[in-house]
Amino acid sequence: MTTVEQGTRTLLSVRNVVKHFPIRSKGLIRRQIGAVQAVSDVSFDIGEGETLGLVGESGCGKSTTARVVLNLLPATSGEVLYKGQDLTKIGRGEMRGLRRELQIVFQDPYASLDPRLPVNEIIAEPLRIHGLYSDGGRDRVRRLMQTVGLKPEHGNRYAHEFSGGQRQRIGIARALALRPKLLVLDEPVSALDVSIQAGVLNLLDELQSELDLSYLFVSHDLSVVRHIADRIAVMYLGSIVETGTAEELFAGPAHPYTQALISAIPLPDPRKERARERITVVGDLPSPANPPSGCRFRTRCPKFANELSDAERTRCVEEPPALVERGQGHPVSCHYAERRALL
Amino acid sequence: MAEEIDLSPAPGARGVRGDVVLEVSGLDVTFPSADGPVRAVRGVDYALHRGEVLGIVGESGSGKSVTSMAVMRLLPNTAQVKGSVRFDGRDLLTLSEVEMTRVRGSRIAMIFQDPMTSLNPVYTVGAQIAEAVRAHHDVSKQAATERAVELLDKVRIPNAKDRASSYPHELSGGMRQRVVIAIAMANDPDVIIADEPTTALDVTVQAQILEALAAAQDETGAAMVLITHDLGVIAGQADRVMVMYAGKPVEVGTAEDVFYTPRMPYTLGLLGSLPRLDRPSERLTPIPGAPPSVVNMPPGCPFGPRCPKHTARCDESEPELRVTTGPGHLAACHYAETLAGQEATDVFASEVADHEALAGLAAAAEGAGTDGEARA
């Protein structure tokens with residue numbers, strides 16, 4: 001599990017969350033014949049004013065986790081604790097009240113904005129839904145647009161008249177409209193060119209320090225996560241395999257998957273990049289409907305393939321490694337965890 | 001600005017082995033549109049040498065893909081293409097369609113971003129590779145199939161023999177892209193053009209594919225044009241780099257030149273916008289504004305409106321590529337020399353949100369927060 005640093009108050013706790021999607025048979029009865037184990041026993045805390053980066057490759061369950069946290073998808077089991085309440089168990093009415101404080105920004109700024117509404121209406125919509133617009137809503141929308149770096153006089157334009165970066169700013173303004181405590185950012189800069197992406201990241205930095213927001217930042221891009229996150233949780237096939245502060249995790253990644261991930265990311269520095277040690281994983285992601293026994297990473301693990309004895313391997317096959325502190329300075333779910341300096 | 005420009009690589013540059021195989025000069029591509037002509041490519045020149053990797057980098061809309069589509073003559077008929085593409089003593093732009101078909105796939109191979117759309121879903125991958133072999137060589141079906149298995153093995157597909165009878169949908173994205181690379185290698189091409197070959201893939205798979213590409217290049221001895229928006233991929237793979245902006249190369253040089261001593265503010269800005277894996281978090285310096293529309297471009301430097309070095313001189317005429325730190329290092333900026341020794345943070349202001357508005361919002365949040373609670 002990954003917990004907040006000392007001196008930070010916990011805002012939201014996720015405990016043993018599991019999310020399975022049923023696989024049904026064809027035909028009339030559509031009997032359940034299996035389950036895609038998208039999220040398997042994930043736990044973490046997010047502190048006030050803190051950013052937790054949830055990182056992993058496609059299909060690792062990071063976006064599903066984010067949606068379960070916001071109760072946009074019902075959890076199969078587990079708890080999401082916010083202000084002493086378990087979000088997975090409360091009623092719709094109560095959840096609606098809490099939605100003000102828990103907001104999301106989606107990846108695709110082209111699909112997540114209503115094409116038929118002018119921008120000031122898009123940003124005003126959450127205020128209207130919660131009955132807050134009549135109380136100075138117009139003014140607030142103008143201020144929100146200004147804050148995210150848009151001109152308030154462009155409020156009458158439609159989303160298609162804006163560039164990708166500007167649209168993402170509109171999405172952020174909409175998410176901020178209700179003064180949330182937690183923003184879930186699901187790949188918020190992945191669709192943007194780098195020169196535009198940098199502006200959005202800087203904006204998120206500033207909003208956080210000024211408005212004391214907490215972020216759950218979901219991304220496949222470790223460089224971006226290193227830049228923005230205080231703490232990082234690395235996911236693989238539905239589970240967190242390693243977690244720690246950003247500094248700690250990059251100084252000494254101890255899980256073979258984290259090591260492979262870090263060493264696979266090309267550095268924009270020709271001499272460094274060509275001289276780097278590579279740790280490569282083999283093969284492809286196993287099906288989450290039928291994950292490997294024991295350690296889920298073992299089928300692709302370079303350590304399992306090259307360094308371990310047969311006796312050691314048996315343990316990987318039979319016993320799922322728990323995510324605990326193993327003398328590596330931070331929790332890691334590998335029986336044979338070993339810190340390595342890779343950068 | 002009629003300076004003599006040397007587009008050949010700096011002597012001693014890494015990986016330069018021999019003669020020019022492909023020479024693009026004055027390439028210009030215009031598409032008609034309802035708003036007027038779109039000048040997607042506005043004068044691209046480069047010479048590709050045997051065995052080298054030329055990386056073309058730029059953001060969306062910079063013209064990097066259109067350049068290569070024009071070289072391969074794969075653009076729709078409505079596109080107006082000017083200039084010349086010298087390959088093997090001929091100008092590809094003047095060949096008949098029949099002659100061009102003989103060049104495509106056999107002498108110049110292309111790898112696209114999305115392997116699912118470059119493969120045919122109703123044929124096995126083995127049959128598709130064999131088809132590529134037989135398209136340019138008069139060999140038996142069986143010999144072609146054997147060659148297909150051999151090629152699958154070369155791009156490190158495990159159990160190549162079994163895999164040859166798989167359909168594309170049965171393979172993962174990484175495996176599919178290996179098949180596409182195998183097809184590109186099939187006829188021992190002189191040039192491989194790879195257009196964003198790893199963009200659709202996860203990073204761990206990307207690393208595998210980049211290895212397979214390097215292996216394909218070694219095996220065939222081909223020169224490669226690698227098009228990508230990822231500066232990290234360029235840094236690892238390219239011998240020489242061409243940075244494109246608004247349809248034109250704005251900086252050309254060895255990878256070392258471009259990454260360590262950029263002489264075009266745009267390049268410096270790109271490097272400053274990148275969050276770095278190998279350094280603790282520092283402030284990013286985004287490039288303000290957005291790339292210009294390539295319809296009815298005003299005169300002057302296309303990067304001018306976003307450039308901190310911008311002066312009246314930049315609006316008068318578009319700066320040409322000119323020699324900067326060394327003979328092979330060119331940049332299209334009047335003020336290239338002023339970038340010597342400067343970091344992105346010295347040149348670009350790190351953009352700050354509207355602090356007044358932000359403070360107002362924070363204050364309003366406090367005030368209204370209590371209101372809200374009272375109301376609830």
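A residue is called buried here if 20 or more other C-beta atoms lie within 10 Å of its own, exposed if 12 or fewer, and partly exposed in between. One caution before the tour: what you see is a predicted model.

Let me begin with chain B. In helix H1 of chain B, the buried residues are B:Lys64, B:Ser65, B:Val66, B:Thr67, B:Ser68, B:Met69, B:Ala70 and B:Val71. That is eight of the eight residues of the helix, which spans residues 64-71, so H1(B) is largely enclosed by the rest of the structure. After H1(B) comes B:Arg73, which has a positive phi, near 55 degrees.

For the chain as a whole, there are 14 helices and 12 strands in chain B. Of its 376 residues, 48% count as buried. What about contacts along the sequence? Taking contacts in chain B between residues at least 6 apart in sequence, 68% join residues at least 24 apart.

Strand S1, residues 20-31, and strand S2, residues 38-49, run antiparallel and are joined by nine bridges. To find one facing position on screen, look at B:Glu23, which stands opposite B:Ala47 in S2(B). The hairpin of S1(B) and S2(B) has six residues between the strands, and in this hairpin B:Gly36 takes a positive phi near 115 degrees.

Next, where chain B meets chain A. How many residues does each chain put into the contact? Chain B puts in 50 residues and chain A puts in 47 residues. On the chain B side, five helices each supply at least two residues: H8 (203-220), H9 (231-237), H10 (255-260), H11 (265-273) and H14 (355-375). Which of them gives the most? That is H14(B), with nine residues. Sorted by class, the side of chain B that touches chain A has 25 nonpolar, 16 polar and nine charged residues.

Let me move to chain A and two pairs of packed helices. In general, two packed helices are described by the angle between their axes and the distance between the axes.

The crossing of H3(A) past H4(A) is right-handed. From H3(A), the contact uses A:Asn120, A:Ile123, A:Ala124 and A:Leu127, and from H4(A) it uses A:Gly137, A:Arg140, A:Val141, A:Leu144 and A:Met145. By class, the contact of H3(A) with H4(A) has six nonpolar residues, two polar and one charged.

The second pair is helix H5, residues 164-176, and helix H6, residues 194-211, again of chain A. Here the axes of H5(A) and H6(A) come within 9 Å and cross at roughly 20 degrees. Why are these two called roughly parallel? The cut-off is an angle under 35 degrees, and H5(A) and H6(A) are therefore roughly parallel to each other. H5(A) also passes H6(A) in a right-handed crossing. H5(A) brings A:Gly164, A:Gly165, A:Gln168, A:Arg169 and A:Ile172 to the contact, and H6(A) brings A:Ile196, A:Gly199, A:Val200 and A:Leu203. The classes in the contact of H5(A) with H6(A) are four nonpolar, four polar and one charged.

A:Asn71 is not a glycine, yet it has a positive phi of about 65 degrees. You will find A:Asn71 in the loop between helix H1 (62-69) and strand S4 (77-82) of chain A. Is A:Asn71 buried or partly exposed? It is partly exposed, because 19 other C-beta atoms lie within 10 Å.

A:Glu187 is another residue other than glycine with a positive phi, in this case near 50 degrees. A:Glu187 sits in the loop between strand S7 (182-186) and H6 of chain A. With 19 C-beta neighbours inside 10 Å, A:Glu187 also counts as partly exposed.

A:Arg315 has 15 other C-beta atoms within 10 Å, so it is partly exposed. Between A:Arg315 and A:Cys295 there are 20 residues of separation in sequence, and the C-alpha to C-alpha distance is 8.7 Å.

How values were computed:
Residues are numbered from 1 along each chain as its sequence is written. Chains are lettered from A and ligands numbered from 1 in the order in which they are written. This is a predicted model: local features need pLDDT of at least 70, side-chain atom pairs count only at pLDDT 80 or more; totals for chains, interfaces and linings use all residues. Axes are lines fitted to C-alpha atoms, for helices over the stretch in contact, and angles run from 0 to 180 degrees between N-to-C directions. Helices (H or I, at least four residues) and strands (E, at least two) are DSSP runs, numbered from the N terminus. Angles under 35 degrees count as roughly parallel, over 145 as roughly antiparallel, 65 to 115 as roughly perpendicular and the rest as oblique. A crossing is left-handed if the near helix is turned anticlockwise from the far one by less than a right angle, and right-handed if clockwise. Two residues are in contact if their C-beta atoms, placed from the backbone, lie within 7 Å. Ala, Val, Leu, Ile, Met, Phe, Trp, Tyr, Cys and Pro count as nonpolar, Asp, Glu, Lys and Arg as charged, and the others, Gly among them, as polar. Two strands pair if DSSP finds at least two bridges between them.
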